[in-house]
Amino acid sequence: MSKIFTPTNQIRLTNVAVVRMKKAGKRFEIACYKNKVISWRNKLEKDIDEVLQTHTVFINVSKGQVAKKEDLIKAFGTENQTEICKEILTKGELQVSDKERHSALDSMFKDIATTVADKCINPETKRPYPVTMIEKAMKDIHFSVKPNRNAKQQALDVIPQLKTVMPLDRAQMRVRILVSGKEARKLRDKIIKLVTKLEAEEWDNGTLNLICLIDPGHYREIDQLISKVSGLFELLNLKEIVEGDEILE
């Protein structure tokens, strides 16, 4: 049986996302799985093997042309292909078609609006807004998506802007706090200053049990206070919503 000859410096790949970088006067490319590059950059994906189709640096992915060792050393100071791939993955330019770019931006726009709707309420009704209403308000303020930042970061950025065109507040978090020991009473006073509304307070054999509403902005501060005394900090609800209300899209 005759063998088909394939040049050793060529690798054929299909259905790839290409990330490109120019360095030391030459172009270098890596072949990644689609939809994984952004996940890696946003630190959602941490396994490099889930991102790279091959730990190989190319000068042209579509033609399967592999970069020469001497060019890699000159440009990157190493011939370690995985480390070079990581640098290109982090700093390089993701090559996408106009159609793919538009689709990705449209999808992220909806993700941002959904995140805002999930984190916020109308302070007058204590009810969440429909996602479609948030999307309309984002268009009204001419919000533009930044493809290199994740949806959660951009949602937090757009909330103050949306407040200029609609009544909007971060939904309060309902939490339970359990603290015992001699520091409990002193800690209680510090926590109360950060609480929006105290719903229940009980003392049982020196153990403090609080159920309260807090602003999400105070979550980390309270968590740090409680972690110093090995207490319990439990999230009960993400939203302060009037019981019996329904969201109608």
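You're looking at a predicted model, where local features need pLDDT of at least 70, side-chain atom pairs count only at pLDDT 80 or more, and totals for chains, interfaces and linings use all residues. Residues are numbered from 1 along each chain as its sequence is written, and side-chain values use heavy atoms, with hydrogens and water left out.

**The sheet**
- An open, antiparallel sheet is built from 4 strands in the order E9-E10-E8-E11; strands are DSSP runs of E, at least two residues, and helices are runs of H or I, at least four, numbered from the N terminus.
- Strands E9 (195–204) and E11 (232–237) sit at the edges, each pairing on one side only; pairing takes at least two DSSP bridges between two strands.
- From one strand to the next, the twist averages 20°; angles run from 0 to 180 degrees between N-to-C directions, with axes fitted as lines to C-alpha atoms, for helices over the stretch in contact.
- E9 and strand E10 (residues 207–214) run antiparallel and are joined by 8 bridges.
- Glu-201 stands opposite Leu-210 in E10.

**Helices on the sheet**
- Helix H7 (residues 184–192) packs on the sheet and touches strand E8 (173–179), E9 and E10, where contact means heavy atoms within 4.5 Å.
- The direction of H7 makes about 165° with that of E9.
- Helix H8 (residues 219–227) lies across E8, E10 and E11, at about 145° to E11.

**Cysteines**
- Searching the whole structure turns up 0 disulfides, meaning pairs of cysteine sulfur atoms within 2.5 Å.
- Cys-120 counts as buried because its relative accessibility is 1%; the cut-off for buried is under 20% relative accessible area, with exposed over 50% and partly exposed in between (1.4 Å probe, protein chains only).
- Cys-212 is buried too, at 0%.
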